[in-house]
Amino acid sequence: MTYATLIFAPIALAFVGYALFSQRGNVVRGIALTTFALQFIVAIGLYNQLPATGYLDLGAFLSVDAFHFALSLRVDTLSVVMLLLSTMLLILVTLSSWTMEKSAAYFSLLIGFSGAIMGVFMTTNLLWFFIFWELTLLPMFFLVGIWGGEQRVYAAIKFFLYTHVASMLLLLALFLIYKQTGVWDVTLIKEAAIATPALVWWLLFIGFAVKMPLFPFHTWLPDAHVQAPAPVSALLAGVLLKMGAYGLIRFVIELMPEVSREHALYMLTLGLLTAFFAGLLAIYEQHLKKMVAYSSISHMGLVMVALSTVTVEGLSAALFEMVGHAFIISPLFLIAGMIYHQTGSYQMRDMGGMMQKAPYLSAIFVLAGMAALGMPATMGFVGELTVYLSAIAHYGAWVAIIALLSMLSAGYLIWSMRRVIYGELSPLMRNSQFVIHRIEFAALVVFGLLIVLFGVYPQPIFDAANHSFAYFGGRS
Amino acid sequence: MNNTITFLALFPFIGALLAFVLGKQQAKLAFWTAEGVSALLFLATLWLAYQYSTPISIDHTWLTFGTRSLPFGFYVDGLSIVMLLIATGLGFLDIHFAHDYMAEDKDQARYYAKVLFFIGGMILLVMAKDMIGLFVGWEFMGLASYLLISFWHSQKAPSDAGMQAFLYTRFGDMFIFAAIGLLLYFVGTLNLVEINTLAQAGGIDHSVAFIIALFIFIGAIGKSGQFPLFPWLMNAMEGPTTVSALIHGATMVNAGIYIVARLFDFYLSTEALLIVANIAAISAFIGATSALVQTEIKKVLAYSTMSHLALAFVGLGVGSLAAGMMHLVNHAVFKALLFLSAGAVILAAHHHKDLWQFGGLRGKLPFIAAFMAIGALSLSGIPPFSGFFSKDAVLTAALRNPETQGLIATLTTIAALLSIAYIGRVWLLLFSGEARDANLHQSIQRPSLFWIALPLLIMSVLTLMLGFYQSEIATFITGKTEASPHIDGLLTGLIIGLSILALIVVGLYAKDLTLVKKMAQHPFLSMLHQLLFHGYYVEAMINWFSQHAVVNGAAKASAWFDKRAIDASVNGFVPATQTAFNGLKTTQTGRIGDYIALMVAGLAVLLIVMMVGI
Amino acid sequence: MSPFALVFGTALLSPLISHTRWLKGLSLLILAIAGFNLSLGEGIGLTYFAQTDAIRFFEGIILIVAAAIVLHFDHDDHGTLTQLLLIVAASMALLESSTLLSFVITFEAMSIISFVLVSNIKDSKQAEGAIKLFFTGATATGIILFGLALFTLSGHSIDTALGNDYDAFSLIALSLIFIGILYKLTIFPMHAWAADSYAQVSHSNAAILSALMKTVVAVATFHLFSPVLAQLSMPSIYGLATLAVITMTLGNMLALYQRNIARMLAYSSIAHAGYMLIPFAAIASQFAHIGLLYLAVAYLFMQTAVFLILARLYQDDGIETLADLKGLAQRNPLYALLFSVQLLSLAGIPLLAGFMSKAVAFYAGVDAGLWLFVLIALLNSALSVGYYAWIIKQLYFDAPTKDRPLVSRLGFVLGELILVAGTLYFGVVAIDVFKVIGGN
């Protein structure tokens with residue numbers, strides 16, 4: 001079996017599965033779970049095979065020598081961590097969408113998405129990376145557009161167009177890199193060979209920043225996240241946003257560490273602006289899911305802050321924060337979706353007293369919320385702390401203003417908990433039943449356990465991070 | 001010893017989980033688990049205290065990222081052990097008391113799990129060797145207090161109070177979080193002991209140390225309910241009274257004092273101590289005066305906590321670790337006693353809390369009256385109860401320090417004296433005179449001796465006994481021989497002041513309340529009353545700020561900017577392309593003549609371009 | 001027997017059996033045989049004609065696409081079938097032309113066939129489209145012939161291959177010819193007719209006009225003119241690139257808010273002409289030739305497919321406007337899927353030929369130093385998602401307005417499957433296109 005199968009088989013399977021079982025969603029769901037589980041197992045296998053340094057070569061396919069173009073698959077610790085995270089999230093998202101309607105098409109799209117995601121994280125060829133990068137848009141476009149809320153069409157098209165336009169800058173940057181260096185493979189490119197580093201850097205940076213998303217390129221996200229069905233929001237936050245951060249690490253910071261260092265202050269400023277601006281937006285927001293979306297943006301701002309240091313510490317902290325963000329924001333989105341499903345409203349002013357109706361659901365919301373505001377013993381704290389420490393060690397004392405974020409996040413999260421979970425039963429809540437399918441609930445519990453597990457014992461993720469970035473800078 | 005410490009650090013959390021799981025099977029199991037767990041914790045602490053000779057230090061690396069490691073070690077010395085004894089001992093009594101107090105609650109599993117978690121947070125905090133562990137315990141208590149204050153989540157007031165408690169304390173936590181980074185950046189270590197040693201050796205830049213000390217103190221202000229972050233402490237009274245006792249006696253509010261005490265050498269090397277003393281003096285005064293006019297039993301006690309913690313802070317602020325810590329220890333015990341006594345009254349009165357509804361309970365609840373009297377006397381600083389000694393020590397220290405002799409000492413003395421007035425008022429309104437609400441009086445039941453009176457008895461005995469071991473405990477805490485200094489005349493002055501105040505209070509509240517009511521009619525006094533009753537309107541100001549400056553100010557402006565500028569410029573592409581479309585559409589006339597004309601014209605232009613190029 | 005002769009002969013003889021049911025089958029058979037002969041390396045074999053690997057490859061693609069179009073036809077479309085075969089034959093001749101003379105002659109022959117093709121008029125709208133095609137075509141012919149006359153005046157012979165050492169006068173003459181040809185490529189300012197004609201003639205004819213003929217002209221022109229283009233100075237190259245950029249922007253802008261699907265696709269065709277001009281401007285790059293060929297191959301598959309689907313939908317269900325498309329995915333998921341894949345390919349979404357071809361062609365632009373133009377082209381390509389996605393929105397996100405199910409037709413589906421296979425194959429496997437250009 002070649003590793004290219006991991007990418008193309010799910011994409012083909014998406015069509016075949018849908019064609020064969022278009023009326024039997026349960027079968028497709030089973031296929032989806034099996035696919036994701038297999039991918040997860042393969043990713044674990046890859047993790048165990050990783051060499052002490054550098055990349056594990058998985059072969060090259062579809063070579064075009066005249067164009068130095070081949071689907072070269074190489075993974076290192078960073079990519080495998082991303083693979084593990086994505087496949088794990090896909091499994092959990094599948095469980096969370098257990099009762100989704102039009103399920104055959106839905107799960108087919110998820111299967112196709114998984115193939116594209118594998119491609120994104122496995123290939124080191126710039127153009128193939130771009131191909132899979134863009135390919136992920138398609139399933140998301142349909143998932144938002146078909147299963148979304150009232151303004152789903154607006155959100156889906158805005159999402160598609162906005163990120164696609166940004167990708168064009170990225171593509172131009174990749175063209176320039178190839179023109180100037182003569183290779184598409186990121187592992188073979190030397191920073192010094194890039195003739196117009198600043199131009200390439202900015203094009204790449206903006207291309208990835210939109211996906212992250214960074215201020216002021218973030219406005220597609222609240223719309224897409226809010227309109228998407230909850231599991232898809234979780235996927236967007238957990239996987240798609242991570243692609244942006246992954247791209248920044250692999251194709252900006254690792255590729256051009258020197259130029260990145262020169263531009264560190266821009267990155268830092270944008271990261272801080274994102275974090276604070278989104279935090280303030282979250283405070284003002286009445287819409288539960290939008291509040292979660294802004295919280296998500298705010299945390300990605302922190303990731304950017306850590307990345308901007310271009311140090312091993314910063315990158316490790318960023319990686320941890322990325323993983324943490326995926327596990328923390330996902331349950332928040334899922335629960336917001338469940339609340340909407342039960343009450344028909346996202347407006348926090350209409351809610352209240354959910355603890356009386358659904359105590360365990362509320363407890364997980366509180367747990368995830370606490371993690372999002374950086375409560376110790378959750379991943380949120382470890383992420384925030386390491387990001388902060390790496391940034392202050394690199395930039396100096398004034399970075400202590402990051403601490404203000406912990407107040408902001410407490411502000412919007414605690415206040416939203418007050419409005420949604422605590423207090424007297426609102427009429428809307430009183431009339432809601434909160435019947436949650438037990439598998440969907442189980443997925444939430446898993447998220448909760450992961451948040452606490454890695455919050456108390458974060459070293460495995462940092463081991464992986466240290467491994468990923470240990471030789472950072474040495475490969476020039 | 002190391003095993004004991006590990007046990008202490010982990011067992012509360014395991015116990016919390018256990019209490020919850022078992023309690024979900026059968027409600028009573030939750031209590032018994034909690035009782036057992038807290039008893040074991042207390043015994044372990046006693047064992048630790050018994051074995052203790054030199055500070056125990058356990059190093060442990062929590063995580064390594066890049067070249068940097070974050071430690072999570074434990075350090076147990078006399079100070080820690082005393083704090084541990086308070087946390088686990090009072091915690092145990094509190095849980096014991098809750099057997100009856102929470103008997104009718106349907107969420108016992110949740111209650112006891114949270115209480116154990118709370119105690120666990122305090123244990124972590126006081127055993128932490130590094131800022132990280134300290135912050136973890138610190139935040140755990142923030143979380144636990146949030147969950148416990150809003151324990152009755154289905155009502156509005158507790159929910160609001162929980163949120164407020166979390167946000168106010170979080171405001172302080174933010175500064176501690178910042179301080180962690182600053183310490184790492186400037187000092188290079190997060191180890192509390194090393195920080196002290198370095199500071200003593202003058203190894204920390206002065207201005208840096210001042211900022212860090214200030215930041216940490218702001219955190220302490222939040223946790224210990226000092227000015228201006230105190231309003232949460234009063235509203236936290238919405239939680240169960242046992243929780244209040246826990247917060248005010250055993251755990252949470254002590255944390256603020258503890259952190260300053262733990263870093264005392266560091267503080268000594270900076271000018272921040274003076275700020276501590278100033279803030280504390282103001283807090284003591286605000287707390288004491290506001291306590292005078294509260295109508296709820298628990299609110300009086302809450303303001304008195306604020307005031308007395310402030311006294312402890314003054315002790316630290318004027319440079320006496322022993323005075324501050326001793327007052328904290330004494331306060332922890334008698335305040336727990338007072339709260340639980342109040343809880344007993346409230347329980348007996350079916351959760352009525354308004355002082356003016358009571359009166360003449362002496363006959364109905366004689367034991368409680370006696371126990372509460374002991375607590376009240378200790379709080380007032382009447383010898384030979386414990387409160388007297390530490391209060392005396394604090395005042396002495398304040399007067400002896402040339403920098404604090406003036407305003408700080410004055411405010412502190414006023415606050416110290418006023419305590420007899422407000423606590424005497426509470427006691428008198430509860431137990432003396434006539435029953436003001438006959439129905440309520442009728443319905444009052446005598447509480448259980450074993451579950452309610454026994455913990456009170458133990459605490460009363462402790463309050464009595466503590467007074468005689470002041471210098472021993474102080475020595476144990478500081479590791480140095482502490483003799484209690486004296487200023488001649490201070491004692492006499494205090495006694496005279498206290499007596500006068502006591503007479504006034506007895507005169508006003510013991511039997512006939514008509515004079516009090518008449519005073520309330522007076523315009524100036526009623527204005528003053530309002531000011532004090534609302535805690536100098538600090539809460540209103542903070543609310544105003546957060547409402548208008550943050551939510552409707554910065555946040556609203558951001559939302560406006562996001563929508564009207566950023567997103568609008570993105571969405572603006574749609575009308576722009578629409579305009580372009582409509583404009584260009586007019587070129588598509590549909591007439592062949594136009595098209596051919598365009599072709600020919602274009603041809604001409606292109607040829608010219610080509611020719612230029614050639 | 002040369003493929004050209006085979007197809008041409010069949011076309012000439014086809015009226016004889018046009019009333020039987022065999023013509024469709026026969027045409028497919030002939031196309032298959034022609035393909036086989038082509039694979040053996042047979043060209044026209046006449047003077048003034050020459051075949052390269054790239055041309056042979058492209059001719060093969062034309063045969064495949066022609067087969068798909070044939071499959072799409074109903075049995076009563078015999079007139080059109082004959083003309084299709086004629087066009088295929090003419091395309092081969094045009095592609096293989098190695099001199100100006102043969103090029104102009106076959107080019108004009110092709111134009112005339114196209115006039116005949118659209119003269120199968122059924123209503124006034126189609127008449128209008130046909131007339132526009134004719135008049136503008138005639139004007140362009142005039143320009144081309146004028147240029148040819150000037151070229152001969154300059155003392156060059158027109159029956160040899162174009163060289164690379166022309167003086168200013170002959171370059172202007174050649175430019176005139178080139179500009180005349182741009183009309184067929186619907187480059188601004190000669191684009192206006194195309195939008196009307198493509199939208200107004202029948203959709204299957206539009207498929208032939210906008211996909212087959214356009215790509216053939218583009219590839220053949222590049223083939224013949226590349227030595228001349230290489231001589232152009234930078235300002236002229238920038239002029240060419242500017243034309244490309246204007247054309248694509250114009251096309252995309254005008255397509256954005258169209259309600260009529262055919263018109264939207266017509267404008268999208270103009271936009272694609274703009275993309276195809278990029279490799280012309282990027283002649284300095286070694287990838288220009290591959291880029292153009294790739295663009296042509298990809299465009300041939302996807303543009304033919306969308307117009308054929310449109311023809312089918314119009315014929316079976318009267319679908320003309322975007323609103324008519326609502327909920328098609330529920331009425332016929334297969335059609336919707338086929339349509340979407342091709343639209344996404346047109347939009348340049350990866351793993352489809354549309355992306356890969358644009359990537360190579362635009363890279364050629366970057367390679368030739370035209371990165372700012374390429375940036376505009378890329379943004380244009382992104383902008384085009386706006387209207388392609390809007391069609392897909394109608395297909396998938398909206399509820400159907402009609403209940404009547406839409407029955408899939410076997411022949412049509414087969415044809416479409418061939419086309420979609422091409423779109424997918426060339427989206428993943430790039431090597432085949434690179435191979436035929438050989439080593440460079």
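**Exercise 1. Between which two helices of chain A does the loop that holds Glu101(A) lie, and is Glu101(A) buried or exposed?**

Solution. Residues are numbered from 1 along each chain as its sequence is written, with chains lettered from A and ligands numbered from 1 in the order in which they are written. The model is predicted, so local features need pLDDT of at least 70 and side-chain atom pairs count only at pLDDT 80 or more, while totals for chains, interfaces and linings use all residues; pLDDT is the predictor's confidence in each residue, from 0 to 100.

Step 1: locate the residue. Glu101(A) sits in the loop between helix H3 (77-96) and helix H4 (103-122) of chain A, where helices (H or I, at least four residues) and strands (E, at least two) are DSSP runs numbered from the N terminus.

Step 2: apply the cut-offs. A residue is buried if 20 or more other C-beta atoms lie within 10 Å of its own, exposed if 12 or fewer, and partly exposed in between, with C-beta atoms placed from the backbone. Because Glu101(A) has 10 other C-beta atoms within 10 Å, Glu101(A) is exposed.

Step 3: relate sequence to space. Glu101(A) and Trp147(A) are 46 residues apart in sequence, and their C-alpha atoms are 8.4 Å apart in space.

**Exercise 2. Classify Ile364(A) by burial and list the residues that it touches, leaving out those up to four places away in sequence.**

Solution. Step 1: Ile364(A) belongs to helix H16 (residues 359-372) of chain A. Step 2: Ile364(A) counts as buried because it has 20 C-beta neighbours inside 10 Å. Step 3: once residues up to four places away in sequence are set aside, Ile364(A) touches Pro331(A), Ile335(A), Leu444(A) and Gly448(A), contact meaning that the C-beta atoms of two residues, placed from the backbone, lie within 7 Å.

**Exercise 3. Describe how H13(A) and H14(A) pack, and which residue classes form their contact.**

Solution. Step 1: two packed helices are described by the angle between their axes and the distance between the axes. Axes are lines fitted to C-alpha atoms, for helices over the stretch in contact, and angles run from 0 to 180 degrees between N-to-C directions.

Step 1: helix H13 (residues 288-308) and helix H14 (residues 312-343) of chain A make an angle of about 175°, and their axes are 9 Å apart. Angles under 35 degrees count as roughly parallel, over 145 as roughly antiparallel, 65 to 115 as roughly perpendicular and the rest as oblique; H13(A) and H14(A) are therefore roughly antiparallel to each other.

Step 2: the residues that meet include Val292(A), His299(A) and Val303(A) in H13(A), and Ala318(A), Met322(A) and Phe333(A) in H14(A). By class, the contact holds 16 nonpolar, five polar and two charged residues, where Ala, Val, Leu, Ile, Met, Phe, Trp, Tyr, Cys and Pro count as nonpolar, Asp, Glu, Lys and Arg as charged, and the others, Gly among them, as polar.

**Exercise 4. Show how the buried residues of H7(B) are placed around the axis, and what they pack against.**

Solution. Step 1: in helix H7 (residues 192-200) of chain B, the buried residues are Leu192(B), Ile195(B) and Ala199(B). Step 2: they cover an arc of only 55° around the axis, which puts them on the same side of H7(B); the arc is that of the directions from the helix axis to the C-beta atoms. Step 3: the elements that these buried residues pack against include strand S4 (74-76), helix H5 (131-149) and helix H6 (156-187) of chain B. Step 4: just after H7(B), Gly202(B) takes a positive phi of about 75°.
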